[in-house]
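My entries follow in the order in which I made them.

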Amino acid sequence: MDFGKKLKLLLEYEGIKHKDFAAMLHISPSTLNGYLNCGKQPPFELVKTIASTLNVSTDYLLDFNSDKTGSPPVSVSELAMLTRLRSLSKQERETIYKLVEMLSEKSGKN
């Protein structure tokens with residue numbers, strides 16, 4: 001997943017408006033738009049500031065897999081699913097967890 005997509009998803013998850021985030025970073029909204037939508041990469045010092053502000057690692061933002069187990073990085077759709085899951089009630093989440101367990105057992109991948 002590219003930097004812009006991941007950053008957009010993080011901002012959506014945190015409920016931060018793009019113009020507000022640009023102000024936090026002391027950059028123009030059009031510069032932030034370049035990072036979000038045009039494939040531009042910010043300077044590394046700004047990447048560190050973004051990571052710190054959003055409480056994630058620079059490796060995560062830049063899509064480096066720092067997991068020593070070899071697990072693949074989380075995709076945009078997986079992050080979106082997690083965001084949706086967190087918005088559900090506790091009972092609804094429990095139902096989803098049970099369904100995933102049942103499907104995992106059925107496929108033999110538990």
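I began with helix 4 and noted that the cover over its buried residues includes helix 1, helix 2 (18-25), helix 3 (29-37) and helix 5 (58-61). Helices here are DSSP runs of H or I with at least four residues, numbered from the N terminus, and contact means heavy atoms within 4.5 Å.

Before going on I wrote down the basis: this is a predicted model, in which local features need pLDDT of at least 70 and side-chain atom pairs count only at pLDDT 80 or more, while totals for chains, interfaces and linings use all residues. Residues are numbered from 1 along each chain as its sequence is written, and side-chain values use heavy atoms, with hydrogens and water left out.

Next I listed the buried residues of helix 4, which are L46, V47, I50, A51 and L54; buried means under 20% relative accessible area and exposed over 50%, with a 1.4 Å probe and protein chains only. Viewed down the axis of helix 4, these buried residues fall within an arc of 140 degrees, so they line one face of the helix, the arc being that of the directions from the helix axis to the C-beta atoms. On the face turned away from that buried side I found the exposed residues E45 and S52. N55, which follows helix 4, has a positive phi near 60 degrees.

I then turned to the pair formed by helix 1 (residues 3-14) and helix 4 (residues 44-54), whose axes come within 11 Å and cross at roughly 30 degrees. Helix 1 is therefore roughly parallel to helix 4, a label given to angles under 35 degrees; axes are lines fitted to C-alpha atoms over the stretch in contact, and angles run from 0 to 180 degrees between N-to-C directions. The contact is made by F3, L7, L10, L11 and E14 of helix 1 with V47, I50 and L54 of helix 4.

For helix 1 and helix 3, I read axes that come within 6 Å and cross at roughly 110 degrees. Helix 1 is therefore roughly perpendicular to helix 3, the term for 65 to 115 degrees. Here F3, G4, K5, L7, K8 and L11 of helix 1 meet L32, Y35, L36 and N37 of helix 3.

Last I checked helix 2, where F21, A22 and L25 are buried. They cover an arc of only 105 degrees around the axis, which puts them on the same side of helix 2. The exposed residues K19 and A23 sit on the face turned away from that buried side, and the cover over the buried residues includes helix 1, helix 3 and helix 4.

How values were computed:
Helices (H or I, at least four residues) and strands (E, at least two) are DSSP runs, numbered from the N terminus. Angles under 35 degrees count as roughly parallel, over 145 as roughly antiparallel, 65 to 115 as roughly perpendicular and the rest as oblique.
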